[in-house]
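Dear colleague,

I am passing on a structure that will be new to you, followed by some notes on what turned up in it. Please read the notes with the structure open beside you.

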Amino acid sequence: MAMKHFGLIGYPLSHSFSKKYFTEKFEKERIEDCTYELYPLENINDLPKLLHKHPHLCGLNVTIPHKISVLKHLDWIEHDAKRVGAVNCIKVISQSPVSTAFSGEVAFNNDDLFLEGHNTDIYGFDTSLGPLINDSFDKALILGDGGAARAVKCSLENRGINYTTVTRKRVEGGILFDELTAEHIQENRLIINTTPLGTYPNIDECPPIPYEAITHRNVLFDLVYNPAETLFLKKGAEHGATIKNGYEMLVLQAEKAWEIWNSNKIK
């Protein structure tokens, strides 16, 4: 039985949700022909070398700092991933002259390997958010403007929800945390934290927003999942808001990656 190898690239890789999740998934579902490993990759330009060193790799998750820089190594990028300019999932397809002739896919970056780029964070966030909102949610605040905010923006744009980015340093079209008012909280019922504030062990931190203006009409979504209830979510719940952390989003994006890696669909 030929083993299929999957893994995570990024640097550093001190801890990994993905490795724990997929290792447990393989054990629970008795998938005996698959493994999931960590591949610390300091320089993204070493990706071709990594792929040829591990010829049985079928798929990779991508994390910080390579979600953007990896794009130049890919042969095909899914539409929304291209829109946000970030990829967190790669399907690795080994090519033979026969398969290339039938599929029409030609790998131009990695010789005999065809690399597909996807962003499963978009799917994970959107699917997790869906049950919390309805058509009356037409405005949102996105706290932070780092890489994690890209998938959130794409999801909201697809849903027709206008958003305002809130940051410590001014960005085009956004506002500063210091400028947030109670009116902003009331007008933007959906508030999404994409910053790492509140992540373990810094559990006493939270984004500086006027929590006293939050009501039961607000939905607070935190991409952080450790701890399960960040101070951001706790403060929201204390004022009656609906809250959700990022754990389900991570599970959904992982399962979407698994679906992509095992799909026989030809692009």
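Does Asp145 count as buried, partly exposed or exposed, and at what relative accessibility? At 34% relative accessibility, Asp145 counts as partly exposed, where buried means under 20% relative accessible area, exposed over 50% and partly exposed in between, calculated with a 1.4 Å probe on protein chains only.

Before going further, please note that this is a predicted model, in which local features need pLDDT of at least 70 and side-chain atom pairs count only at pLDDT 80 or more, while totals for chains, interfaces and linings use all residues. Residues are numbered from 1 along each chain as its sequence is written, and side-chain values use heavy atoms, with hydrogens and water left out.

Asp145 has a partner, since its side chain meets that of Lys153 in a salt bridge (2.5 Å, N to O), a term used here for a side-chain nitrogen of Lys or Arg within 4 Å of a carboxyl oxygen of Asp or Glu. Lys153 is buried, with a relative accessible area of 19%. A search of the whole structure finds 13 salt bridges, and another of them joins the side chains of Asp46 and Lys49 (3.9 Å, N to O); here Asp46 is partly exposed at 30%, whereas Lys49 is exposed at 61%.

The buried residues of α1 are Phe17, Ser18, Tyr21, Phe22, Lys25 and Phe26. They cover an arc of only 145° around the axis, which puts them on the same side of α1; the arc is that of the directions from the helix axis to the C-beta atoms. On the other side of α1, Lys20 and Glu27 are exposed. What covers the buried residues includes β1 (4–10), β2 (34–40), β3 (57–62) and α9 (247–261), with contact taken as heavy atoms within 4.5 Å.

Lys25, buried at 5%, also meets Glu29 in a salt bridge between their side chains (3.0 Å, N to O), and Glu29 is partly exposed at 43%. Just after α1, Arg30 takes a positive phi of about 55°.

Note on methods
Helices (H or I, at least four residues) and strands (E, at least two) are DSSP runs, numbered from the N terminus.
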